[in-house]
Amino acid sequence: MASAIKFEHVKKTFADKIVVNDLNLDIQQGELFVLVGNSGSGKTTSIKMINRLEDPNAGQILVNERPTTAYDVQKLRWKIGYVLQQIALFPNMTVAQNITLIPEIQGVNGNLEKLAAQLLQKVGLNPQEYAQRYPHELSGGEQQRIGILRAIASKPPIVLMDEPFSALDPLSRANLQELVVDLHEQLHNTILFVTHDMNEALHLADRIGIMKDGQLLQVDQPEEILRHPANNFVRDFFRGSIGSNLYETTLKQAALLTKFKQAESGSLATMPLINVEETIAKLLTLLSGQNEVLVQNSSGDFLGLVDRQWLVTYLNNINSLK
Ligand SMILES: Nc1ncnc2c1ncn2[C@@H]1O[C@H](COP(=O)(O)OP(=O)(O)OP(=O)(O)O)[C@@H](O)[C@H]1O
């Protein structure tokens, strides 16, 4: 598969401080990659070097296999949607105008009003109700939805999301995480998502990169990191956030805390199965390649369905017990 974003020996310093140190990372086209790490580990700086809000002191970054320095900066940024924690919608523009701003600047032909309506529908907001509102007439979660739509309205092949949901309440956050997964499935774009929350990373990621003090400690699929952490920091960061008894807890035990979802009868035949006596760690492995898994007992009766959303709810429930 072709590379979408590639860091080659990238280094960034501010004054004398090394903020990103010899970063090497290759994100493939169509991937939903999550960069996770504590505050100050260099995630935002890494992202900003992709759209050239910052420039590296050494090394280079390739976007679609071409160095970012070889692009006209404006054209580079048009290829790359950008969603931030503090979404800056234009207060004097309606929701529809905010959403279609970039296609309009780009001189895209076509019915922009219709585009805004289609996009609003994608995120569950009724265009009749929302298109003509102003940003101050929206909740934080709604504003964040509009921010995402604005970033994807011109269909950029790459979207950067920098802690977009960290200011939201847990429910809005879970809904918007689902939205990102859905949009990614529909649009097949490349998403680089930054967060300090391992649960969020687990929910979203095809692959996760863990950053600490400007260095990338490990890059892999979630279950690989869980099984083979590169060092103690990674192990503790990962397991600390998802509960240490993952290898012992069975789905049956987990269901005591978090009920399985109801399965719709239509698509059951094609879904992968897991026995209710299997562990959460096993489920995690299955969910890395699948959206949903059916739970059955040893007699083959279906007990329900589990997906990443269920897993996150369960993990949140455990955390609330601690
Ligand atoms: N413009 C700047 N000038 C000087 N230092 C900076 C600048 N931008 C970031 N830094 C420093 O670089 C380090 C990494 O910051 P960065 O924002 O990349 O981390 P982060 O992992 O995204 O953290 P957070 O989750 O808190 O945003 C921090 O120590 C920060 O203070």
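Visitor: Which residues in α7 meet Ser172, Leu176, Leu183 and Leu187 in α8?
Guide: This is a predicted model, in which local features need pLDDT of at least 70 and side-chain atom pairs count only at pLDDT 80 or more, while totals for chains, interfaces and linings use all residues. Residues are numbered from 1 along each chain as its sequence is written. With contact taken as C-beta atoms, placed from the backbone, within 7 Å, the residues of α7 that meet those four in α8 are Gly141, Gln144 and Ile152.

Visitor: How many nonpolar residues has the contact of α7 with α8?
Guide: Ala, Val, Leu, Ile, Met, Phe, Trp, Tyr, Cys and Pro count as nonpolar, Asp, Glu, Lys and Arg as charged, and the others, including Gly, as polar. The contact of α7 with α8 has no charged residues and three polar ones, and its nonpolar residues number four.

Visitor: How many strands has the chain?
Guide: The C-alpha atoms of the chain fill a box of roughly 60 × 50 × 35 Å along the principal axes. Helices (H or I, at least four residues) and strands (E, at least two) are DSSP runs, numbered from the N terminus. Besides 14 helices, the chain has strands numbering 13.

Terms used
Contact = placed C-beta atoms within 7 Å.
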